[in-house]
Amino acid sequence: MSERNVLGEELEPCGTEPMTGFLRDGCCHTGGDDRVMHTICAVVSAEFLVHQASIGNDLTTPRPEFRFPGLVPGDRWCVTAHNWARAHDDGAAAPVVLASTNESVLRLIPIEVLRQHAVDVPADPSALDL
């Protein structure tokens, strides 16, 4: 059975430019391992990136050994539920693509909180105010 999103539907891809997902397959899969919780499809903002760096999660510096290009505002990226929740608690949550966010996050973050940050991603993410 395929993984589901927080809306109860089939999990949709999060992003391929850059290629995201813990498995670098474009999707926020768990891979059946709850320790691998890169399951929230976020459209990263400058504020979110600064927040993540402040908690020791540098998302802007490329790490080729992990096939990680470094992110810029507007990139769609599968982030960990725990780090997104921390950013939310600190007032720096990134917008969330619900159709591409894994249902497993609902054990940590209520759907109502995710809906507050929900965004449909246009073909050109630069149109978003990030």
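Arginine 67 counts as exposed because its relative accessibility is 56%, above the 50% cut-off for that class. In this predicted model, arginine 67 is placed in the loop between helix 1 and strand 2. Its backbone also deserves attention: arginine 67 has a positive phi of about 55° although it is not a glycine. Most residues other than glycine have a negative phi, and most peptide bonds are trans.

Arginine 24, however, is found in the segment before strand 1, and with a relative accessibility of 17% it counts as buried, since buried means under 20%. The segment before strand 1 (38-43) also holds proline 18. The peptide bond that joins glutamate 17 and proline 18 is cis, with omega about 5°.

These local features belong to a chain whose overall organisation can now be set out. The protein chain has three helices and two strands, and from the N terminus on these elements follow the order β-α-β-α-α. Of its 130 residues, 45% are buried. The accessible surface of the protein chain comes to about 6,900 Å², and carbon and sulfur atoms contribute 52% of that area. As for contacts with a separation of 6 or more, residues 24 or more positions apart account for 68% of them in the protein chain.

The loop between helix 1 (46-54) and strand 2 (76-80) also contains asparagine 57. At 23% relative accessibility, asparagine 57 is classed as partly exposed, because this class covers values between the 20% limit for buried residues and the 50% limit for exposed ones. Which residues does asparagine 57 touch, leaving aside those up to four places away in sequence? They are Gln52 and Asn83. Asparagine 83 is 26 residues from asparagine 57 along the chain, and the C-alpha atoms of the two are separated by 8.5 Å.

Charged side chains supply the next point. Side chains of opposite charge can pair when their charged atoms come close. How many salt bridges does a search of the whole structure find? The search finds one: the side chains of arginine 63 and glutamate 65 meet at 2.7 Å, N to O. This pair qualifies because the criterion asks for a side-chain nitrogen of Lys or Arg within 4 Å of a carboxyl oxygen of Asp or Glu. Arginine 63 is partly exposed, with a relative accessible area of 37%, whereas glutamate 65 counts as exposed at 53%.

Aromatic side chains complete the description. A search of the whole structure finds one aromatic pair. The rings of phenylalanine 68 and tryptophan 77 have their centres 5.3 Å apart and their planes at 70°, so the pair is edge-to-face; an angle over 60 degrees places a pair in that class. Are the two partners buried or exposed? Phenylalanine 68 is buried, at 7% relative accessibility, and tryptophan 77 is buried as well, with a relative accessible area of 4%.

Definitions and conventions. Residues numbered from 1 in each chain as written. Predicted model: local features only at pLDDT ≥ 70, side-chain atom pairs only at ≥ 80, totals over all residues. Heavy atoms only, no water. Helix = DSSP H or I, 4+ residues; strand = E, 2+ residues; numbered from the N terminus. Buried < 20%, exposed > 50% of the residue type's maximum accessible area, 1.4 Å probe, protein only. Contact = heavy atoms within 4.5 Å. Areas by Shrake-Rupley, 256 points an atom, 1.4 Å probe, with all protein chains shown as cover. Phe/Tyr/Trp six-rings, centres within 6.5 Å; stacked < 30°, edge-to-face > 60°.
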